[in-house]
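Here is a short tour of one structure. Have the sequence and the 3D view open as you read.

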Amino acid sequence: MATPNMPVGVYLQEAYSIYCFAQDDKELLVSKGLDWSLVEDIPGRIEKVRDAEAQWWKSRYGETEIEKKHDAARKRIEEIKAEILRDLEFALHDRIDEYKKVIEDIRESNDRADFIFDMWTLYDFVSKQTDLLDSIGSDPALREELTGYSQTFVRTSSTHFIQNKHAARDRRDEAYAHLKAAIDELRRCAKYALWKDKKRLRGYASEYFRKTSRGRNQ
């Protein structure tokens, strides 16, 4: 699947400019075998890329309902995590070197993705240390609360964040590839039909790549 090799906004503007520019060459291009319905479909394809790009932006920087609920509960989850980690460090004192890295990684969650992954790691870790935690009088209610949050947020949210972002990106890339196929075919036919008219042919070229190439050569 094709992915944008220039800013999407720039590509959409160039695509629309080429679409408009080609109108004056319709008769010539059609005479060379270009299916004009492909050209007529370009504005619709541009709009689909614009919509898909907006949805991908939203998936990266916006918040879903699941994310909002997760953030609202995060303070309590952090409190539970801190207390359970304290219990684990005490219970595992004679083997702390063996588990030190895992505990430190869980404690040092940074962004939302790290926090969700570490919540799952803690839940899995605690489920294997139940007897040991009971032996030091660790509060089982904390573990029950951790389990509840894990089931509510970790299992659903971790896959949701990843799948939602990937799906949005894939839809954008698919829409972009659909548009690019039309623009590439229009350019291919124009290059054949206008090969003697270099000035006119420049109207089908990418101004973005022309400028960036010129900048690299200076």
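## A look at Arg143

Arg143 touches Ile84, Val126, Thr130, Leu133, Asp134 and Ser138, leaving out residues up to four places away in sequence. Contact here means heavy atoms within 4.5 Å. Arg143 sits in helix 9 (residues 140-193). Helices (H or I, at least four residues) and strands (E, at least two) are DSSP runs, numbered from the N terminus. Arg143 counts as buried, because its relative accessibility is 10%. Buried means under 20% relative accessible area, exposed over 50%, and partly exposed in between (1.4 Å probe, protein chains only).

This is a predicted model, in which local features need pLDDT of at least 70, side-chain atom pairs count only at pLDDT 80 or more, and totals for chains, interfaces and linings use all residues. Residues are numbered from 1 along each chain as its sequence is written, and side-chain values use heavy atoms, with hydrogens and water left out.

## The overall build

The protein has eleven helices and zero strands. Read along the sequence, the pattern is α-α-α-α-α-α-α-α-α-α-α. Of its 218 residues, 34% count as buried.

The accessible surface comes to about 13300 Å², and 51% of it belongs to carbon and sulfur atoms. These areas come from the Shrake-Rupley method with a 1.4 Å probe; for residues, only the protein chains shown count as cover.

## Two nonpolar cores

A nonpolar core is a set of buried Ala, Val, Leu, Ile, Met, Phe, Trp, Tyr and Cys residues joined through side-chain atoms within 4.5 Å. Which members of the largest core touch the most other members? They are Leu29, Ile42, Leu179, Leu186 and Tyr204, out of 28 residues. Helix 1, helix 3 (36-40), helix 4 (42-61) and helix 9 each give two or more residues to this core. Helix 9 supplies the largest share, nine residues. A second, separate core has 19 residues, including Ile80, Ile106, Phe115 and Leu133.

Leu179 is in contact with Tyr11, Leu12, Ala15, Ile42, Arg45, Ile46 and Val49, leaving aside neighbours within four places in sequence. Arg45 belongs to helix 4. Arg45 is buried, because its relative accessible area is 9%. With neighbours within four places set aside, Arg45 is in contact with Leu38, His178, Leu179 and Ala182.

Ala22 is in helix 1. Is Ala22 buried or exposed? Ala22 is buried, with a relative accessible area of 0%. Beyond neighbours within four places in sequence, Ala22 is in contact with Leu29, Trp36, Leu186 and Tyr204. Ala22 and Tyr204 are 182 residues apart along the chain, yet their C-alpha atoms are separated by 8.0 Å.

## Aromatic rings

A pair of aromatic rings is described by the distance of the centres and the angle of the planes. Rings of Phe, Tyr and Trp (its six-membered ring) pair if their centres lie within 6.5 Å; planes under 30 degrees apart count as stacked, over 60 as edge-to-face and the rest as tilted. The count comes to five aromatic pairs. One of them joins Tyr16 and Tyr19: the centres are 5.7 Å apart and the planes at 35°, so the pair is tilted. Both residues lie in helix 1 (residues 8-22), three residues apart, about one turn of the helix. Tyr16 is partly exposed at 40% relative accessibility, whereas Tyr19 is buried at 18%.

Tyr208 and Phe209 form an edge-to-face pair, 5.3 Å centre to centre, with 70° between the planes. Tyr208 is partly exposed at 26%. Phe209 is also partly exposed, at 36%.

A charge sits over a ring if NZ of Lys or CZ of Arg is within 6 Å of the ring centre and within 35 degrees of the ring normal. Arg200 lies over the face of Phe21, 3.8 Å from the ring centre.

## The two sides of helix 6

Tyr99, Ile103 and Ile106 are the buried residues of helix 6 (residues 96-107). They lie on the same side of helix 6, because they cover an arc of only 55° around the axis. The arc is that of the directions from the helix axis to the C-beta atoms. Asp97 and Lys101 are exposed on the other side of helix 6.
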